[in-house]
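Welcome! Have a look at the model below, and then let us walk through it together.

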Amino acid sequence: MSEPHEYDDAEIEASRAPLLDHLVELRSRLIICVLAMAIGFAICFAFSKQIYIFLLHPFAIAAQLLAVENANHAQASGGMDIGRFLSGTRDLFLALLGLKEVPPAPDADKLNLVFTAPLEFFFTKLKLAGFGAVVLTFPVLAWQVYGFVAPGLYKRERKAFVPFLLASPTLFLLGAALVYYVILPFVLWFSLSQQIVDAQVSVQLLPKVSDYLSLVTTLLLAFGLCFQLPVVLTLLGMAGIVSSKALATGRRYAIVGVFVVAAVVTPPDPISQTMLALPIILLYEISIWCVRLIEKRRRLEDEEAGRDIVPV
């Protein structure tokens, strides 16, 4: 009886095509990707104002809550103890989730951001549209990549690869949600709490539109990419490059590396670093479990293949 991998090799051989056919297919898929990106860019640029306001929502809520907090405690110096700081962060998180009503701030003006160059906000909208286009068209881009490499994969590898096309954007969205509802509010609340407003001195936060977008996109990319850890390690486990035993043995080094990465990609405060490091460590443990399951399934398949071989 033929071994299972012989059928896979025959399938690969049957799907081979001349180099020119591969280049033609690559060109067609690149054209689809470019068209998808262009359409996504046009849509995001048309709604760039609404998208930017959506990204500004945590900042606006934080400024409104801080104004109410300062009015209630009548703190002219703008100082804030740790208890009020943590309480305000919690209220901001609940307000963003819609679980807490934000009272109107007394004598509060609209949130003010500035731009110092004539075309700064226009280029900011271009960057925002480009970033939004990548996020919006990611399913199309990923599917085109998969469609190009799928003929070179075994049938069982194609079946195993498809779940990662779903897991990758899901994990990215989880990382982005953590940024929007937890990390960004904390950073903004901390920044706003440093303001000083009294009779003699006024030190207020007036961020530039480009700087705010850079902060948001940097955090979104950092958390979204770091949340791809289970996908990357599981694919490496499927390829036999890493093993669950090696991942478990190197756990202590991985934890140190995670905190180093978190310190680099997050604002310089220990709380936001910990907020990124702890989920990544949890995802690392999940990755070990996933690789262990892959190894177990591979052993079972090898045993089944061994029993199916009938000696001549």
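**The largest core**

Which residues of the largest nonpolar core touch the most other members? Among its 42 residues, they are Tyr52, Leu92, Leu184, Tyr212 and Phe223. A nonpolar core here is a set of buried Ala, Val, Leu, Ile, Met, Phe, Trp, Tyr and Cys residues joined through side-chain atoms within 4.5 Å. Several helices give two or more residues to this core, including helix 4 (82-96) and helix 5 (120-136). Helix 7 gives the most, with eleven residues.

There is also a second, separate core of seven residues, and Leu233, Val242, Ala254 and Ile288 are among them.

**About the model**

This is a predicted model, in which local features need pLDDT of at least 70 and side-chain atom pairs count only at pLDDT 80 or more, while totals for chains, interfaces and linings use all residues. Residues are numbered from 1 along each chain as its sequence is written, and side-chain values use heavy atoms, with hydrogens and water left out.

Setting aside neighbours within four places in sequence, Leu92 is in contact (heavy atoms within 4.5 Å) with Pro58, Ile61, Ala62, Leu65, Pro185 and Trp189.

Now find Ala60 in helix 3 (residues 48-73); helices are DSSP runs of H or I with at least four residues, numbered from the N terminus. Ala60 is partly exposed, because its relative accessible area is 30%; buried means under 20%, exposed over 50%, and partly exposed in between, using a 1.4 Å probe and protein chains only. The C-alpha atoms of Ala60 and Pro185 are separated by 9.9 Å, although the two are 125 residues apart along the chain.
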